[in-house]
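These notebook entries record what I looked up, beginning with the ligand and ending with a set of strands.

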Amino acid sequence: MSVGSELLPVEDARARALALASPLSTEWARLDEALGRALGAEVLAQRTLPPWDNSAMDGYAVRAADLSGPLPVRLTVGETIHAGQTPRITLSPGTCARIMTGAPLPAGADAVVMQERTRPAPGAEGPAVEILEAVAPGSFVRPRGEDARAGAPLLGRGTPLGIPELGLLTAQGMLTVPVPRRPRVAILSTGDELCRADEPPEGRIVDTNAPSLALAVARAGGLPTLLGIARDTREEVSARLADAQGFDVVLTSAGVSVGERDFVKAALEEQGVEMNFWRVAIKPGKPLAVGHRGATLYFGLPGNPTSSLVTFELFVRPVLRRLQGHPDVEPPRASGRLEGELRKPPGLAHYLRVAASWRQGELWARPLATQTSGALRSAASATHLLHFPREASSLAHGAHVELLPVSWGA
Ligand code: AMP
Ligand code: MG
């Protein structure tokens with residue numbers, strides 16, 4: 001039996017955590033507050049957009065059939081249509097209209113010839129133009145309803161709202177959009193050795209996990225609340241957890257291992273949290289306590305600063321995305337090549353901090369010099385986590401590797 005075979009694979013641990021989460025209730029958010037969120041309900045178009053066939057070019061609106069004979073073809077110009085104007089005439093055979101980008105096509109026209117494929121007609125009496133090239137019907141015409149059709153689905157439930165999606169909603173005249181509300185996330189640090197950054201350390205170290213996790217939560221769309229630092233007694237951890245009411249997720253850091261003063265698990269149980277304590281086959285971040293009480297999820301994250309960030313990335317962020325209704329919650333992945341060589345005993349999946357950059361069309365990942373989980377420096381300047389699979393024991397230079405872009409970077 002290989003070392004750690006009783007440990008839960010990362011994918012299984014994530015699946016179990018995700019099984020505890022479902023999208024939160026929907027609220028109406030202003031569009032400028034909806035970027036990056038997922039649509040909470042299907043939206044039907046109210047308006048057909050564009051409302052009319054219109055020109056994709058500055059040029060001449062024509063009847064394509066008029067151009068089937070020998071070229072050039074002389075056409076009479078009936079009118080000029082600018083964007084924002086309504087055409088007045090209907091094109092009859094042998095006529096065209098000067099038209100600008102975005103202007104509605106006149107009745108009778110079925111194509112646009114771009115200005116560069118025309119020239120002034122010599123010696124014409126009225127306004128006329130010579131068309132130098134035949135065009136197929138539909139050329140340079142942006143058809144009515146290309147963006148939206150009134151009454152038809154515009155965007156489905158769960159659609160991640162990027163800038164173009166918000167643009168489509170804006171074009172419909174929508175000012176607000178239904179989205180699952182943002183998860184409220186409480187963050188509690190535990191440890192006798194910790195102090196706040198604004199306190200004199202006096203033999204203690206500054207709590208960096210809580211502020212770091214708060215930023216990670218906010219970046220993942222959540223609303224963080226700092227609960228401060230609890231001393232390493234079961235009573236104090238328990239009391240702080242008891243105060244943490246009305247949250248969707250509670251994150252604690254440290255005290256979750258097997259040390260004599262690791263009281264987080266006992267305190268969570270004392271508070272009625274139904275625990276799943278998992279030893280996950282991962283480095284860093286092996287001990288991970290996950291549980292729930294009612295609809296509130298609890299994560300006991302490891303104390304080492306890098307471990308807490310890595311486990312946030314692999315387990316908490318996907319859960320925060322699920323709570324916000326995103327259909328795709330798995331950590332994003334890229335494929336790359338390893339710069340250097342790596343060895344480890346089989347049994348634990350390693351997630352190494354790497355700096356990756358493009359060279360000759362490939363993403364080359366260089367493991368950072370410091371990989372200890374206690375050092376925040378090992379996460380600083382990392383662009384990705386390199387997944388060194390559980391059962392693998394070596395990776396050669398140039399090996400194809402899975403890279404997870406980190407969400408904590410600049
Ligand atoms: P523990 O899980 O309590 O054994 O903590 C593991 C390591 O993480 C110890 O070196 C702690 O001092 C350190 N640590 C715990 N909590 C924090 C925190 N909030 N900020 C920075 N380091 C921490
Ligand atoms: Mg501790």
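Predicted model: local features only at pLDDT ≥ 70, side-chain atom pairs only at ≥ 80, totals over all residues.

Entry 1. I then looked up the polar contacts of ligand 1. A backbone N or O atom of G303 lies 3.2 Å from an oxygen atom of ligand 1. For E193, I found an N or O atom of the side chain 2.5 Å from an oxygen atom of the ligand. At N209, a polar backbone atom is 3.4 Å from a nitrogen atom of ligand 1. I next looked up the cover: of the 490 Å² of accessible area that ligand 1 has on its own, the protein covers 75%.

Entry 2. Which residues come nearest to ligand 1? I recorded E193, D207, T208, G255 and G303, out of the 14 residues around the ligand. By class, I noted that the shell divides into five nonpolar, seven polar and two charged residues.

Entry 3. Where does ligand 1 sit? I found the ligand in the largest pocket.

Entry 4. I turned to the strands and followed β28, which spans residues 400–405. Strand β22, residues 334–338, runs antiparallel to β28, and four bridges join the two. Within this pairing, I noted L403 of β28 as the bridge partner of A334.

Entry 5. I also looked up the pairing of β28 with β26, residues 384–388. These strands run antiparallel and are joined by four bridges. Here I recorded that H387 has E402, in β28, as its bridge partner.

Conventions:
Residues numbered from 1 in each chain as written. Chains lettered and ligands numbered in written order. Heavy atoms only, no water. Near = heavy atom within 4 Å. Polar contact = N/O pair within 3.5 Å; in protein donor to acceptor, adjacent residues only side chain to side chain. Areas by Shrake-Rupley, 256 points an atom, 1.4 Å probe, with all protein chains shown as cover. 1 Å grid on protein atoms, 1.4 Å probe; cavity = no way out; pocket = protein on both sides within 12 Å on 5 of 7 lines; lining within 4 Å. Sits in = over half its atoms within 2 Å of the grid points. Nonpolar A, V, L, I, M, F, W, Y, C, P; charged D, E, K, R; others polar. Pairing = 2+ DSSP bridges.
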